[in-house]
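Hi,

Here is the structure I said I would pass on. Have a look at it first, and my notes follow below.

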Amino acid sequence: MVDLKLSKEKKFFIETFGCQMNQHDSEKVAEALINLGYSPTPTSSEADLLLLNTCNIREKANQKVFSRLGALHQTYGAKPDAKIGLLGCMAQMEADNIFKKAPRVDFVVGSSSYSFLPDLIARVEKGERKVIDVSQDTDRLFEINTQTRKNPYKAFVTIMEGCNRFCSFCVVPYTRGPERSRPTQHILSEIQSLVNEGFQEVTLLGQTVNSWTDSQGQVNCFTDLLKRLAEVRGIRRIRFTSPHPNDFCPDIVDVIENFPVVCNHIHLPVQSGSTRVLCRMKRDYTRELYLQKVEFLRKSKREIALSTDIIVGFPGETQDDFEETLSLVELVDYDSIFSFKYSPRPGTEAFSFAEAVSEEEKSRRLQVLQQFQRKIQLQRNSKMVGKRYEVLVDGSSQRGTKTLAGRTTQNKIINFPGSQELLGKLVEVQVTNFLPNSLQGELVEC
Ligand code: SAH
Ligand code: SF4
Ligand code: F3S
């Protein structure tokens, strides 16, 4: 009894780095801690338990975490007796090296070990130091019915974890372990409860979300799962990220056309427009095959927005290869792209590849690509002016509380003046102006 009361007074604070899956893991970790009697605090200096949920995808992500750990007091105002825990993908990769590099850290939990958190925290509470679990028990998924969600209108739902693809540049198969899919029934019931709680939109998460399979054989494949989810009563929007181009079949177009709640936006990472580079990246598709997939998406009756990820300066990428990337970007006419300079990651195949592209040249290519895409986006967004779109109002714009921000089903951000009462609602907005990354509009009064 006494212990419970004592631990109820304990507070935790989590800083999250990395992708949406990590953000959602932090929501689930928060729930696990609440179940242990901790309560969240928005003020890091009040925390008894300070957690960093880390990313390892590029070197910069690692450096950021180590610089935070080196300046715990300045960054977080951390209490001298706060317990410090490192979670996530960097924790998985660096494992007990972390204790050498950052001696103030009390415990390390890899991204496949969250289901062991209660035991690990109990050991830390008892004063044990250097507690670590980075096992990759392949059957385990982090199943917890979390009430702790950052956005009250849109929810993430993990449907599969891990990756079996081993692209030569990528740490994810090592940090997240092999593919594990959640059973259909778990996904369905989580989504039904989210809808019952008033969530309007769910985003299905997976490192290669469309390689989801039903371990119990009830549903054939990812597109069939989408159909089942689209039939959940009350659901308004379903998104998913990120599909792998290879697992994409034309039936996704039928699903998007026949189920309006499935958003007409697909994030389809290409990484490079050069078949030679794609082959060295071990992406298992050619430029032509990727373009074929884009073609069937473009043929849809619903206008499907496309976004992508691109890496510049992969070892051996020549100017000609880079120009092929630019030409692919022009051909596809993406709605948006995320672009990165290649970062060599220890443990991956490409780490030992020769013909490194210089930092200077990587920066130049990145800038050229981003400028190129900026023009495409301006052009695309300009065509939206004067048209009306349904948006889910999910926050205030960065410019203040009187300006709301919402997203269209194509995932375009529209800022418009309006009252906070509209938060969480689906409303119609007419676009009045455009920028490269967002639009401005006015509410269409009914
Ligand atoms: N599963 C997704 C990618 C997840 S990682 C897919 O298959 O496409 C998110 C993005 O980070 C990748 O798409 C890639 O563009 C980028 N990335 C991954 N490893 C990287 C590295 N070593 N250097 C630079 N960018 C990298
Ligand atoms: Fe990484 Fe490739 Fe897996 Fe995507 S598909 S997570 S890029 S290994
Ligand atoms: Fe980073 Fe891990 Fe996500 S490496 S991008 S947090 S899967």
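A polar contact here means a pair of N or O atoms within 3.5 Å. Keep in mind that this is a predicted model.

With that cut-off, let's start at the ligand. A nitrogen atom of ligand 1 sits 2.8 Å from a backbone N or O atom of Ser 343. On its own, ligand 1 has 540 Å² of accessible area, and the protein covers 89% of that.

Who else is around? There are 14 residues around ligand 1, and those that come nearest are Gln 207, Pro 269, Gln 271, Asp 309 and Ser 343. By type, the shell has six nonpolar, three polar and five charged residues. Two strands, β13 (305-312) and β14 (336-341), each supply at least two residues of that shell.

Thr 241 and Ser 242 are joined by a cis peptide bond, with omega at about -15°. Ser 242 belongs to the loop between β11 (237-241) and α11 (251-258).

Phe 166 has a phi of about 55° and lies in the loop from β8 (160-161) to α8 (172-176). Because its relative accessibility is 38%, Phe 166 counts as partly exposed. Lys 282 has a phi of about 60°, in the loop between α12 (275-281) and α13 (287-298). Lys 282 is partly exposed as well, at 39% relative accessible area.

Cheers

Key
Residues numbered from 1 in each chain as written. Chains lettered and ligands numbered in written order. Predicted model: local features only at pLDDT ≥ 70, side-chain atom pairs only at ≥ 80, totals over all residues. Heavy atoms only, no water. Helix = DSSP H or I, 4+ residues; strand = E, 2+ residues; numbered from the N terminus. Buried < 20%, exposed > 50% of the residue type's maximum accessible area, 1.4 Å probe, protein only. Near = heavy atom within 4 Å. Polar contact = N/O pair within 3.5 Å; in protein donor to acceptor, adjacent residues only side chain to side chain. Areas by Shrake-Rupley, 256 points an atom, 1.4 Å probe, with all protein chains shown as cover. Nonpolar A, V, L, I, M, F, W, Y, C, P; charged D, E, K, R; others polar.
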